[in-house]
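Subject: Structure handover

Hello,

Here is the structure for you to take over. Please open it first, then read my notes below.

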Amino acid sequence: MANQTTLSVGQQIAGGKAQPSPRGSTFSNLLRRPEAGALLGLIAVLVFFVVFGSIKFLAPAGAASWLNVACNLGIIAIPVGLLMIAGELDISVGAMVPAGSMTVAILSGHYDLPIWVGILGSLAVGLVVGLINGYIAIRTAVPSLIITLGTLFAMQGIVLGLSVLVTGTTSVPVNADPIAKFLFGQFIGGTFQNIILWWLGLTVVYIFFVHFSRYGNWIFAMGGDRVSARNAGIPTEKLTVVLFVLSSVSASFVGMCQAILFNSAQVSAGMTYIFNSIIAVVVGGVLLTGGFGSIVGIFFGTLTFAIVNQGIYFTDFDRNWSSLIIGVMLLGAVLMNNTFRRMALTLKTKK
């Protein structure tokens, strides 16, 4: 699989595929994969909650509690992770979730337009904000953290102000037709959100484009050395804009699905996705400095975070200590991930 370690720009773009590395032991090669630590962390938290929690943790109803969290977070975490691999960061997703939710609710709930108009409007808002973030990032020297921080507060103000101005309230009901409910907001078996299928499908698509196409090599090259990548002919500016658009549209999509699922939208929802997505990405093996990570690792990291977040309620631990337990376990997963990554980079391979 390509793009499993940080490679030089020349290696990453030669022929559109990463060049093979020297062969070493199977164990060494496995450790070199960015998702290795994430998988071990996932196994560790699963074992922990199976031992200290109830068997209901793995029952359908219990699994739904953390899978429903993982699917919503995972759709946002993957594009956020790609931006981090490319050396950028988008924290405006916290405002884009309620923006997408309120857009579909106002258009199709308050104004009674067809639900598909609301869905397109929700995605269009994400597209516009992503283009704004990307354009400012490539036209200025301002760090993307500052850019998206400004977008975050701006969109919070716009969503709140327009919601109160147009509807007179911060909560708007919306009723979708059966087809829209079936596609975007329905429970499977009464417990599992059908957005889980969107998460799995999008993950497969991202794996193909990131790890089996030249576009993924370009993203890793940008995270390694953006100037060298640009000099090598990689369209760094266009790719940066595309990644910001993916991030914003994904957050709007999640907000839209939540509004359709719960038949209402709230302006206050979404802020937790900022840090939760970054935690999931880092637990998944992506470096904050860019140039290293994998889609599979982000997938595992998202599951790990969701399990830790929800698994505490299946144990006998005092709920007052839940935040401490969650923080310690997540920190441990990140440290273990980082330890295995360093071990992998120091292992010698056979010539």
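Helices (H or I, at least four residues) and strands (E, at least two) are DSSP runs, numbered from the N terminus. By that count the protein has 15 helices and four strands.

Some ground rules. This is a predicted model, where local features need pLDDT of at least 70, side-chain atom pairs count only at pLDDT 80 or more, and totals for chains, interfaces and linings use all residues. Residues are numbered from 1 along each chain as its sequence is written, and side-chain values use heavy atoms, with hydrogens and water left out.

Confidence: pLDDT (the predictor's confidence in each residue, from 0 to 100) averages 86 over the protein. At least 70 is reached by 88% of the residues. Residues 1-24 fall below 50.

Burial: of the 351 residues, 51% are buried. Buried means under 20% relative accessible area, exposed over 50%, partly exposed in between (1.4 Å probe, protein chains only).

Helix α13 covers residues 272-283. Its end C-alpha atoms are 16 Å apart. Buried residues in α13 include Y273, I274 and S277. Just after α13, G285 has a positive phi of about 100°.

Helix α3 spans residues 35-52 and contains V47. Is V47 buried or partly exposed? V47 is partly exposed, at 46% relative accessible area.

Best wishes

Note on methods: Contact means heavy atoms within 4.5 Å. The expected span of a helix is 1.5 Å times one less than its number of residues.
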